[in-house]
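Student: I would like to go through this model with you, beginning with the ligand. Could we start with the term we shall need for it?

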Amino acid sequence: MGTPSAGEWITDPGGEGFAHTYRVEAMLHDSRSAFQRIQVIENKDFGRMLILDDAVQTTERDEFIYHELLSHVPILSHPSPGRLLIIGGGDGGLLREALRHPLTHATIVEIDGDVVEVTRRLIPSIPGKAFDDPRTRLLVDDGIRFVRETSEAFDVALVDSTDPKGPSLVLFTTEFYGYLARVMGSQGVLAVQSGSPIYQQDVIALVRGNMAPHFRFVRTYLGMVPTYPGVLWTFTVGSQTRDPAALDESELSRRMAGIATRYYTVPAHRHLFTFPPFLSEVTTG
Ligand code: SAM
């Protein structure tokens, strides 16, 4: 498809029968990397938006919701996290949010260096200074190759991938989760984005089924991302020693002291794991 120009609309397909559309105020970038099409547009309602292969990844207006949910819940589920591993997440928003915790080290393994370069240049508010943080190590590599071959140890792993197709497909496999469980040891915590509870229940079941052999606790929690088709979005966390849905609130308050958030709150933490009845089958599969 050609490059849309200002005033035209672009479409992000959701399930088979619906989509979200956005008017392009300005097309800031449109290229094809070795892995995917990379676009950045200016939009009146959501500001600058990163789009990969026609799917909205993150926007200036609502990125904080996704990044707060995929960082604070798993990091707080580990008793004393030091070393963090992020797979994917080339826009840097998750790294930025996670580094607000007193971590000692953060490795981010992103397969497409162009995503990092384009986001840092055109949407700098999303990564902020995260890539320049002395704790950060950026590796441009396939996430599964890194975890299969590394001898390093990590405490928490976050998988901020695109949907399960193309280069991301391997990041939803039980092999991949097994490699992660190996590098994280006895107290490891893993969290991934697990898709829409409305039209991707198969993805949620896949993630839960593939995590279960490797983690004692597997919990799915619910959030909302206005620019993801269907808005409601899920995350799934695997933990070896602590139940992420039953953490002590006073400990959470102590560890979140000084970390101001705009979506995640300690009083709402355990309710994130409570699904409305019409979605309850999502968390039992
Ligand atoms: N929040 C977004 C979402 O839920 O759709 C994801 C954002 S982030 C930009 C997704 C990143 O995962 C992309 O930059 C993509 O290049 C990266 N990615 C996909 N497959 C990968 C792999 N096998 N190893 C490492 N990174 C990968």
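Tutor: A polar contact is a pair of N or O atoms within 3.5 Å. Please keep in mind that this is a predicted model.

Student: How far does a polar side-chain atom of Tyr-66 lie from a nitrogen atom of the ligand?

Tutor: The distance is 3.2 Å.

Student: What about Tyr-228: how far is an N or O atom in its side chain from a nitrogen atom of the ligand?

Tutor: For Tyr-228 that distance is 2.8 Å. A backbone atom also takes part: a polar one of Ile-111 is 3.2 Å from a nitrogen atom of the ligand.

Student: And how much of the ligand's accessible area does the protein cover?

Tutor: On its own the ligand has 600 Å² of accessible area, and the protein covers 99% of this.

Student: Which residues around the ligand come nearest?

Tutor: There are 23 residues around the ligand, and the nearest are Gln-36, Glu-110, Asp-142, Gly-143 and Tyr-228.

Student: Let us turn to the sheets. In what order do the seven strands run?

Tutor: The order is E9-E8-E7-E10-E11-E13-E12, in an open sheet with mixed pairing. At its edges are E9 (136–140) and E12 (217–224), each of which pairs on one side only. From one strand to the next, the twist averages 20°.

Student: How many bridges does E12 form with E13, and in which sense do they pair?

Tutor: Strand E13, residues 232–239, pairs with E12 over eight bridges in the antiparallel sense.

Student: Which strands does helix H1 lie across?

Tutor: H1 (residues 63–77) lies across E10 (156–160), E11 (189–195), E12 and E13. Its direction is at about 160° to E10.

Student: Now the sheet of four strands. What is its order, and is the pairing parallel or antiparallel?

Tutor: That sheet is open and antiparallel, with the order E3-E4-E5-E6. Its edge strands are E3 (26–32) and E6 (55–59). Neighbouring strands are turned against each other by 20° on average, direction ignored.

Student: How many bridges join E4 to E5?

Tutor: Six bridges join E4 (residues 37–43) to E5 (residues 47–52), and the two strands run antiparallel. Within this pair, Gly-47 of E5 stands opposite Asn-43.

Student: Last one: at what angle does helix H3 run to E4?

Tutor: H3, residues 113–122, runs at about 15° to E4 and lies across E3, E4 and E5.

Methods: Residues are numbered from 1 along each chain as its sequence is written. This is a predicted model: local features need pLDDT of at least 70, side-chain atom pairs count only at pLDDT 80 or more; totals for chains, interfaces and linings use all residues. Side-chain values use heavy atoms; hydrogens and water are left out. Two strands pair if DSSP finds at least two bridges between them. Axes are lines fitted to C-alpha atoms, for helices over the stretch in contact, and angles run from 0 to 180 degrees between N-to-C directions. Contact means heavy atoms within 4.5 Å. A residue is near a molecule or strand if one of its heavy atoms lies within 4 Å of it. A polar contact is a pair of N or O atoms within 3.5 Å; within protein, one must be able to donate a hydrogen and the other to accept it, and residues adjacent in sequence count only if both atoms are side-chain atoms. Accessible areas come from the Shrake-Rupley method with a 1.4 Å probe; for residues, only the protein chains shown count as cover.
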